[in-house]
Number of protein chains: 2
Amino acid sequence: MKRILLKIAYDGTAYNGWQLAKDGESIEGKLMEAIRDLTGEDPDIGGASRTDAGVHAKANLAVFDTDSSIPGEKFSCALNTRLPSDIRVVMSKEVDGDFHPRSAHTEKTYLYRIQRGEFPDPIRARYTWNVSYDLDVDKMRDAAGYLKGEHDFKSFCNVHTDARTTVREITDIGIEEKDDEIHITVKGYGFLYNMVRIIAGTLVEVGRGRTEPGEMSTILNALNREKAGPTAPAQGLTLMDIRILDEKSM
Amino acid sequence: MKRILLKIAYDGTAYNGWQLAKDGESIEGKLMEAIRDLTGEDPDIGGASRTDAGVHAKANLAVFDTDSSIPGEKFSCALNTRLPSDIRVVMSKEVDGDFHPRSAHTEKTYLYRIQRGEFPDPIRARYTWNVSYDLDVDKMRDAAGYLKGEHDFKSFCNVHTDARTTVREITDIGIEEKDDEIHITVKGYGFLYNMVRIIAGTLVEVGRGRTEPGEMSTILNALNREKAGPTAPAQGLTLMDIRILDEKSM
């Protein structure tokens, strides 16, 4: 028995999220089918991040155990021939039998893409949120600064969370203009349910001038989801990277 | 009766190209349905560029005539509510009754996107060509230089062309590295069938080291499609812009 770690990229458009669901197809479900087809085993998959329906990933992580004699690094190619083209295993390797990407100490990087313009650009509509209002990027940057560091992010968490604590640390948050897009990059050790999308939605409220940057403190201190802005749409969000900080656990 | 000019963006993935086809759906067909639904008329649509199946556009142009009382600039919103989300009319306006984007003097800009890496990135697979070979971008740039200016591009034209002459002028060609992508931008007054895709395919042969930059002269002079490289896949190509040079014709 050995444990295989997979790094997985996907276009989340066609899926009902990462997690195996009764309704619709999931990334996890497609991976299970591919592993079953390859090894004849019925794998239990442990994912790092249960991305929502429509959210994309460049590098989600997952582990499964197998008795297969296939070397760890060969799984990526073997699984890719069995996966739909909107899911790719970009890396595979054998890891310690007790390594799990959810309990490991990791830093995640999320990117939220806003496309400015009167109409959604069809070429980017699957991966961006079209905002037709004028946005003041400097104000958005000022507002983002209030979120950096350790805070109770209860105001930025979907009320249907089952998190034991809503305290999280944002290690970095940056806002860049790239042509007609605004890129919000958020890094942290862990995120609450919908947290990055609520941050993006709130920063757009600031950009539109409906919230002042200084109000971010008030919103954080309120510990009340209703004080923050709307949840930005799923398709603008991509899980870009999960960096494993305690490499020895692998 | 008035003539309306439309600027149209689309994700070509789901379509059998611009042109109305017996098999499969076309961009032109979807536009016709939307105009018919809006005006009750059966429009004749004249497009600037008959993009191939799978090719995208940020700004194709088309005209049609109508007796509708809807002001020219209102067509974009009215048609967008009747079009699938992968096609957007990004601008509409009334033009001279004898203006046609195919006979007008225009400069077109095409972008071909190559994604370097072992696997196609699912998030960009609809819009890029994944090339897993190492590519020498400086050599590709040298090779591209030979194509600039007026030449007989017969070697870079699909043999099934019905063009009267294969002489064309490339007004600019540039190669940029953007993260893990290579962007080939080609500008010219007119292009032959598959010309940009054959240029991209040939430049990748150069990047891989299978063709030397200096051989581009030989390939041009051969006037023989077989001497150039393969036709790069459709999905990497986007028609970025059509600039109307004789504005007075509008």
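Predicted model: local features only at pLDDT ≥ 70, side-chain atom pairs only at ≥ 80, totals over all residues.
A:H56 belongs to strand 3 of chain A, residues 56-66. The relative accessibility of A:H56 is 0%, so A:H56 counts as buried. Leaving out residues up to four places away in sequence, its contacts include A:Y10, A:D11, A:G12 and A:T13, along with A:L237, A:T238 and A:L239. One of its contacts comes from the other chain: B:I123.

## How confident is the predictor?

Chain A comes out with an average pLDDT of 95, and 98% of its residues score at least 70. For the complex, the predictor reports an ipTM of 0.81 and a pTM of 0.89.

## Where the chains meet

Now for the interface. On the chain B side, 26 residues are in contact with 26 residues of chain A. Together the two chains bury about 1,700 Å², and carbon and sulfur atoms give 64% of that area.

One pairs the side chains of A:D121 and B:K58, at 3.1 Å from N to O. Polar contacts across the interface come to 4 residue pairs. On chain B, the elements giving two or more residues to the side that touches chain A are strand 1 (2-10), strand 3 (56-66), helix 2 (75-80) and strand 4 (87-95). Strand 4 of chain B has the largest share, with 4 residues. Sorted by type, the residues on that side of chain B are 12 nonpolar, 5 polar and 9 charged.

## Salt bridges within and between chains

Over all chains, the count is 36 salt bridges. In chain A, the side chains of A:R124 and A:E181 pair up at 2.8 Å, N to O. Buried or exposed? A:R124 has 12% relative accessibility, so it counts as buried, and A:E181 is also buried, with a relative accessible area of 6%.

B:R243 and B:E107 meet through their side chains at 3.1 Å, N to O. B:R243 is in strand 10 (residues 237-244) and B:E107 in strand 5 (residues 106-116), 136 residues apart. B:R243 counts as partly exposed at 45% relative accessibility, while B:E107 counts as buried at 11%. Another salt bridge joins B:R82 and B:D37, whose closest N and O atoms are 2.9 Å apart. B:R82 is partly exposed, with a relative accessible area of 34%, and B:D37 counts as exposed at 54%. Finally, a network of salt bridges links A:K58 with B:R113, B:D121, B:R124, B:D180 and B:E181.

## Two positive phi angles

Most residues other than glycine have a negative phi. A:N194 is not a glycine, yet its phi is positive, about 70°. A:N194 is in the loop between strand 9 (181-188) and helix 4 (195-208) of chain A, and counts as buried at 12% relative accessibility.

A:L223 also has a positive phi, near 50°. This leucine is in the loop between helix 5 (215-222) and strand 10 (237-244) of chain A. A:L223 is partly exposed, with a relative accessible area of 38%.

## A buried phenylalanine in a loop

A:F153 is in the loop between strand 7 (149-152) and strand 8 (167-178) of chain A. At 0% relative accessibility, this phenylalanine counts as buried. Residues up to four places away in sequence aside, A:F153 touches A:L147, A:T166, A:R168, A:I170, A:L192, A:M195 and A:L220.

Notes:
Residues numbered from 1 in each chain as written. Chains lettered and ligands numbered in written order. Heavy atoms only, no water. pLDDT = per-residue confidence, 0-100. Buried < 20%, exposed > 50% of the residue type's maximum accessible area, 1.4 Å probe, protein only. Contact = heavy atoms within 4.5 Å. Buried area = accessible area lost by both parts, 1.4 Å probe. Salt bridge = Lys/Arg side-chain N within 4 Å of Asp/Glu carboxyl O. Polar contact = N/O pair within 3.5 Å; in protein donor to acceptor, adjacent residues only side chain to side chain. Nonpolar A, V, L, I, M, F, W, Y, C, P; charged D, E, K, R; others polar.
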